[in-house]
Amino acid sequence: MLSRRTFLAAFVVPLLSQNRKPNMFADAEAYERFMGRWSRLVAPRLVDFTGLPQGGRILDVGSGTGALAFAIAERNARAAVVGIDPSKEYVAYAGSRNPFRDRASFEVGDAQQLHFPDASFDAALSLLVFNFIPDPKKALFELRRVIRPGGKIAAAVWDYGAGMRMLRTFWDAAVHTDPAADKLDEKHMPLCRSGELSRLWRDGGLENVREEPIDITTRFDSFSDYWDPFLLGQGPAGSYARSLSREKLLALRSEVKNRLSLTSEDVPLTMSARVWAVSGVVPNRR
C-alpha cells in the first residue's frame with residue numbers, strides 16, 4: 001500500500017495547496033453533479049450521529065457547496081453556522097444558495113490555520129474533507145483550540161477501499177486498463193479505513209471517541225447518469241478521467257460498463273456507499 005506521503009505528493013498536495021488553485025475542486029456546479037448529491041444524503045446522517053447541542057456556534061470545516069451547513073441549520077433552528085473552505089468558487093456557490101442567511105455564512109479559510117479565537121465555537125463538523133487536508137493532525141489541533149471544552153468535533157470520509165462502490169468500480173476499471181493509475185487510486189487515501197479516523201481523534205487528545213459506519217444508497221437513472229459526471233474533472237477520479245486521451249477514456253468507459261454488468265445503458269442502477277464517521281469531545285483545558 002502506498003504511504004500517505006507518497007499519495008499526497010503524487011496527487012493531492014499539488015492540487016489542494018492553499019497557495020494554488022484547487023483545480024479538482026474548482027467547479028461547484030460540476031461537483032454538485034458528481035458528488036454533491038451524495039453529500040446531501042450523508043450530511044443529515046452525520047449531524048444526527050454527532051448529537052449537537054441546541055443552539056450555539058457550529059463550525060463546518062471544508063464546507064464545499066453547503067450540504068453540511070444547511071443540514072445543521074435545518075436540524076438546529078437556533079444554531080449559527082460558519083462554513084470555511086479553501087475554494088472561493090465553492091464558498092461563492094454555497095453563499096448564493098444559502099436558505100439560512102440569518103444563521104449560516106461561508107468564507108474562504110484553511111483548516112490548518114484558523115483565524116478564530118480560542119473556544120469561540122460550540123462544535124465542529126467536517127464532511128468528506130479530512131482525508132484531503134495535507135496535515136490533518138494540525139487541523140485537528142486547530143479545531144481543538146477553537147472549540148470550547150466539552151464541545152464535540154466530528155468528521156466523516158468515504159470508505160474508498162471497499163464501501164464507496166461508485167468510486168471503487170471506477171478505480172478498479174482504471175487500474176485494469178492502466179496499471180499506472182494504481183498510484184492515484186483513492187483506496188490509498190489516508191483516513192478512509194475503519195479505525196483510522198478514531199485513531200487520529202484519540203492521538204489528538206479528544207475524549208469519548210466513537211466511530212461508526214454510515215451507509216447510503218446512490219441511485220443513477222442510467223449509465224450516463226453514472227459515467228458523465230466523471231468527465232467534469234472534479235475530485236481525484238474526475239481529474240484522472242480528464243487527463244486521459246480519447247482512446248484511453250473510451251477503453252476505461254467500456255471496462256466500467258462491463259464491471260457493472262449492464263444489459264442496457266438506459267437501465268437504472270444502484271450502488272452502496274459508506275462513510276466512516278467519528279466524533280470526540282474536547283477535554284477541559286488545564
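I began with the lining of the largest cavity in this predicted model. I find 38 residues in that lining, and Phe25, Asp85, Leu128, Val129 and Phe132 lie nearest the centre of the cavity. I looked up which elements give two or more residues to the lining: they are H2, strand S1 (57-61), helix H3 (67-75), strand S2 (80-85) and helix H9 (235-243). H2 gives the most, with 4 residues. By residue type I have 22 nonpolar, 12 polar and 4 charged in the lining. For the volume of the largest cavity I note about 560 Å³. The structure holds 1 cavity of 30 Å³ or more.

Next I turned to the nonpolar cores. I find 69 residues in the largest one, where Trp158, Met166, Phe170 and Tyr226 have the most contacts inside the core. H2 also gives the most to this core, with 10 residues. Another core lies apart from it and has 28 residues, including Phe116, Phe121, Ile147 and Leu191.

I then listed the contacts of tyrosine 226, leaving out neighbours within four places in sequence. Tyrosine 226 is in contact with Met166, Thr169, Phe170, Phe220, Val256, Leu260 and Met271.

Last, I looked at arginine 37, which sits in helix H2 (residues 28-50). Is arginine 37 buried or exposed? I count arginine 37 as buried because its relative accessibility is 18%, and the cut-off for buried is under 20%. Its side chain reaches the backbone oxygen of aspartate 225 at 3.0 Å. Not counting residues up to four places away in sequence, I have arginine 37 touching Glu32, Phe220, Asp225 and Pro229.

Conventions: Residues are numbered from 1 along each chain as its sequence is written. This is a predicted model: local features need pLDDT of at least 70, side-chain atom pairs count only at pLDDT 80 or more; totals for chains, interfaces and linings use all residues. Side-chain values use heavy atoms; hydrogens and water are left out. Buried means under 20% relative accessible area, exposed over 50%, partly exposed in between (1.4 Å probe, protein chains only). A polar contact is a pair of N or O atoms within 3.5 Å; within protein, one must be able to donate a hydrogen and the other to accept it, and residues adjacent in sequence count only if both atoms are side-chain atoms. Contact means heavy atoms within 4.5 Å. A nonpolar core is a set of buried Ala, Val, Leu, Ile, Met, Phe, Trp, Tyr and Cys residues joined through side-chain atoms within 4.5 Å. On a 1 Å grid over the protein atoms alone, a cavity is a set of points where a 1.4 Å probe fits but cannot get out, and a pocket is an open set with protein on both sides within 12 Å along at least five of seven lines; lining residues have an atom within 4 Å of a point. Grid points are joined across faces, edges and corners, and a volume is the space filled by probe spheres set on the points. Ala, Val, Leu, Ile, Met, Phe, Trp, Tyr, Cys and Pro count as nonpolar, Asp, Glu, Lys and Arg as charged, and the others, Gly among them, as polar.
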